[in-house]
Amino acid sequence: MVGSTIKLKSDFTIAVDTNNGQVMGNGYIFTLRPDTTLPTIAITSPTIASTYTTASAIIGLSGTASDNVGVASVAWSNSATGAGGATMGTTAWSITGVSLVSGSNTITVTAKDAANNTSTDTITVTYSAVGNPPVITSALSATGTVGTALSYQIMAANSPTSFNAAGLPAGLSVSTGGLISGTPTTIGTSSVTISAANSSGTGSAGLSLSVYSACDVNRDGTTNVVDVQLQVNAALGTAACASDLNRDGSCNVIDVQRVVNVGLGGQCLLGL
Ligand SMILES: [Ca+2]
Ligand SMILES: [Ca+2]
Ligand SMILES: [Ca+2]
């Protein structure tokens, strides 16, 4: 009967047998062919692909549906949250405000026709919140001495995966693990940009790195009589030995002589 037209006379009465769906009229029995054709449905936005990754905790979907007779309803559900409901529209449907959980969310949309035939389409949406770039947490000043090995570990919050340092003074280098090391060779203060990176970005900070002469015992930037006095005190044992210049294991008259020489305009000699 589908596709056919039957004209009924005025005295023709029909009744539907609700048990079997047959239509009876004036001794005739008509068997209606049930609609066995499934509807179709497709998610078209945010993508026609079966997977999608987003940094947003809420997503909207839209798509199309069709049926040989008519789409009766379109519903959606998110298996990860249990949420679901009817879409707005049917043949052109949409959903807004679908909440996502971190990780995988399988969202199913189901089109149904009047004969309760259904078809589904699914999309697996992976929600991954954007993380934070590293934040430098290590001290932003450091000191060193010419001729003496120095090490400084760059540290940062938010799980850094690599480090770098720009503007290091001569004699120092940085590893990808963030260890600045080496033996400084020149006096002065350097403005070093230290940085740490992860997949979300890079965090950086300025490190003030001051390198002093080994003969500048009090580290005030010049070597003068004050340093001589401090070196004498160390040789006399009345102060801690901070600068064993000739590296013979003790502060003694040799170290005093070297500081005196610098005070007189000479070089700060190191080692035996
Ligand atoms: Ca159908
Ligand atoms: Ca000094
Ligand atoms: Ca010494």
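This is a predicted model: local features need pLDDT of at least 70, side-chain atom pairs count only at pLDDT 80 or more; totals for chains, interfaces and linings use all residues.

1. Let's start with the largest nonpolar core, which has 29 residues. The members that touch the most others are I154, A165, I180, I194, C215 and V259. Two or more residues each come from β16 (162–166), β17 (172–174), β19 (188–198), β20 (201–212), α1 (225–236) and α2 (253–263). Of these, β20 contributes the most, with four residues. Two domains share in this core: domain 3 (135–212) and domain 4 (215–272) each supply at least three residues. As background, nonpolar side chains in soluble globular proteins tend to be buried together.

2. Setting aside its neighbours within four places in sequence, I194 has contacts with I136, I154, A165, S204, A205 and L207. Apart from this core there is another one of 18 residues, including I41, L100, I107 and I123.

3. Which residues of α2 are buried? They are D255, V256, R258, V259 and V262. These residues lie on the same side of α2, because they span an arc of only 160 degrees around the axis. The buried residues of α2 pack against α1. Just after α2 comes G265, with a positive phi of about 110 degrees.

4. Next, have a look at β16, where the side chains alternate. The partner here is β19, which pairs with β16 in the antiparallel sense over five bridges. Within β19, S195 is the residue opposite N164.

5. There is also an open sheet of three strands in the order β4-β6-β9, paired antiparallel. Because β4 and β9 (92–99) stand at the edges with a single partner strand each, one side of each has no neighbour in the sheet. On average, neighbouring strands of this sheet are turned by 30 degrees against each other, direction ignored. The antiparallel pairing of β4 with β6 (residues 58–66) runs over five bridges. T40 has S66 in β6 as its bridge partner.

6. Now for the backbone spots worth a second look. Most peptide bonds are trans, and most residues other than glycine have a negative phi. Where is the cis peptide bond? It joins S45 and P46, with omega at about 15 degrees. P46 sits in the loop between β4 (40–45) and β5 (51–54).

7. N116 belongs to the loop between β10 (103–113) and β11 (118–127), while S159 is in the loop between β15 (156–157) and β16. Are these residues buried or exposed? N116 is exposed, because there are 8 other C-beta atoms within 10 Å. S159 also counts as exposed, with 12 C-beta neighbours inside 10 Å.

Notes. Residues are numbered from 1 along each chain as its sequence is written. Chains are lettered from A and ligands numbered from 1 in the order in which they are written. A nonpolar core is a set of buried Ala, Val, Leu, Ile, Met, Phe, Trp, Tyr and Cys residues joined through C-beta atoms within 7 Å. A residue is buried if 20 or more other C-beta atoms lie within 10 Å of its own, exposed if 12 or fewer, and partly exposed in between; C-beta atoms are placed from the backbone. Domain bounds come from an automatic or database domain assignment. Two residues are in contact if their C-beta atoms, placed from the backbone, lie within 7 Å. The arc is that of the directions from the helix axis to the C-beta atoms. Two strands pair if DSSP finds at least two bridges between them. Axes are lines fitted to C-alpha atoms, for helices over the stretch in contact, and angles run from 0 to 180 degrees between N-to-C directions.
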